[in-house]
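Me: Hi! I'd like to talk through this chain with you. Could you take me around it?

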Amino acid sequence: MQFTANNTIDQVGIHYFSMMTTKVLGHICRLNTSTDVGIDAWIELVDGNRMATGTYVAAQIKSSENTDEKNSITHYIDEKHKEYWLNHSIPVVFVDVNIDKNCILIKDISQRNLVQTNTRWKITLTEDDELSKVGRDLFSRLARPHPSDPLRSKLRELQIVLNDYSYVPVMVADMADGLQVIGRTIMELTQLLNMANLDTARYGREIRSDIEIQIGRALKIKTEWSYYYTSD
């Protein structure tokens with residue numbers, strides 16, 4: 001089977017990104033050697049004490065050899081890949097590697113960074129997205145533990161509880177029991193947030209924000225239930 005020029009460019013770009021992620025940022029980059037379904041590498045963050053944190057960011061890497069003096073580059077994404085990356089259990093960054101310029105640009109794949117066209121979605125990266133400029137802060141903000149992490153598992157469990165109590169019941173007796181459950185859920189979410197705040201290297205800003213959102217959601221449910229319970 002032929003190893004094409006494009007294959008060469010892809011391989012050089014992927015390995016260059018892996019090397020620079022470790023050399024510049026000090027993180028561990030593990031290349032995906034299995035069937036490529038849209039994730040080319042996994043980055044595990046290393047803290048200031050040179051300890052692996054067990055938190056990860058995934059990367060989709062596109063490589064090119066282009067000497068144009070453009071200040072930005074745009075990549076187009078189909079609906080299938082957009083949904084896959086946005087719903088992935090680990091946050092995903094889009095990486096553009098220019099192997100001629102030795103330039104790496106990165107941007108998180110999020111709704112705010114995607115622009116819809118007539119048939120696809122696009123993401124634009126500029127010189128402000130250069131790895132050495134934004135990589136450390138971006139990875140720290142996005143990184144999450146593996147889905148099997150106890151805190152993440154507990155957060156998913158509490159989210160399911162809130163889903164079950166998102167509607168005010170008709171029976172007053174159900175309201176009394178439900179208010180107790182919601183109160184315990186708020187307490188447990190607060191405990192999770194305190195745990196996350198004590199280990200910010202492991203639990204980045206995004207996951208701490210997720211917990212805060214769920215606390216706000218629980219408080220809103222409690223307020224609505226309390227209003228109807230006291231009214232009756």
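**A walk around the chain**

Reply: Let's start with Gln-159, which is partly exposed, at a relative accessible area of 25%. Here buried means under 20% relative accessible area, exposed over 50%, and partly exposed in between, using a 1.4 Å probe and protein chains only.

Me: Before we go on, what sort of model is this?

Reply: It is a predicted model, where local features need pLDDT of at least 70 and side-chain atom pairs count only at pLDDT 80 or more, while totals for chains, interfaces and linings use all residues. Residues are numbered from 1 along each chain as its sequence is written, and side-chain values use heavy atoms, with hydrogens and water left out.

Me: Thanks. Back to Gln-159: where does it lie?

Reply: Gln-159 lies in helix 4. Helices (H or I, at least four residues) and strands (E, at least two) are DSSP runs, numbered from the N terminus.

Me: And which residues is Gln-159 in contact with, leaving aside neighbours within four places in sequence?

Reply: Gln-159 is in contact with Gln-214 and Arg-217, where contact means heavy atoms within 4.5 Å. As for Arg-144, 15 residues away in sequence, its C-alpha is 17 Å from that of Gln-159.

Me: What about Arg-156, where is that?

Reply: Arg-156 lies in helix 4 too, which covers residues 150–164. Arg-156 counts as partly exposed, with 36% relative accessibility. Its C-alpha is separated by 10.0 Å from that of Ile-211, 55 residues apart along the chain.

Me: Zooming out, how many helices and strands are there in the protein chain?

Reply: The protein chain has six helices and nine strands. Its radius of gyration is 22 Å, well over the 17 Å that the globule rule gives for 232 residues, so the chain is more spread out than a compact globule. That radius is taken over C-alpha atoms, and the globule rule is 2.2 Å times the number of residues to the power 0.38.

Me: What does the C-alpha trace span along its principal axes?

Reply: About 75 × 50 × 35 Å. Of the 232 residues, 41% count as buried.

Me: How about the accessible surface, what does it come to?

Reply: About 13,100 Å², with 51% of that belonging to carbon and sulfur atoms. Accessible areas come from the Shrake-Rupley method with a 1.4 Å probe, and for residues only the protein chains shown count as cover.

Me: Now the inside. Which residues have the most contacts inside the largest nonpolar core?

Reply: Those are Phe-17, Val-95, Ile-104 and Phe-139, in a core of 24 residues. A nonpolar core is a set of buried Ala, Val, Leu, Ile, Met, Phe, Trp, Tyr and Cys residues joined through side-chain atoms within 4.5 Å.

Me: Which elements give two or more residues to this core?

Reply: They are helix 1 (5–25), strand 2 (41–46), strand 3 (52–64), strand 5 (92–98), strand 6 (103–108) and helix 3 (131–142). Helix 1 gives the most, with six residues.

Me: I'm looking at Phe-139. What is it in contact with, beyond neighbours within four places in sequence?

Reply: Its contacts include Thr-21 and Leu-25, as well as Ile-43, Leu-45, Val-57, Val-93 and Ile-106. There is also a second, separate core of 19 residues, which includes Ile-182, Leu-193, Ile-215 and Ile-221.

Me: Nice. Where is Arg-202 found?

Reply: Arg-202 is in the loop between helix 5 (172–198) and helix 6 (205–231). Arg-202 is partly exposed, with a relative accessible area of 22%. Not counting residues up to four places away in sequence, Arg-202 touches Thr-53, Gly-54, Thr-55, Ala-143, Pro-145 and Asp-149.

Me: Switching to the backbone: what is phi of Arg-50?

Reply: Near 65°, a positive value in a residue other than glycine. Most residues other than glycine have a negative phi. Arg-50 sits in the loop between strand 2 and strand 3, and is exposed, with a relative accessible area of 61%.

Me: And Asn-102, what is its phi?

Reply: Asn-102 has a positive phi of about 55°, although it is not a glycine. Asn-102 lies in the loop between strand 5 and strand 6 and is partly exposed, with a relative accessible area of 47%.

Me: Last one: is Arg-112 buried or exposed?

Reply: Arg-112 counts as exposed, at 56% relative accessibility. Its place is in the loop between strand 6 and strand 7 (115–116).
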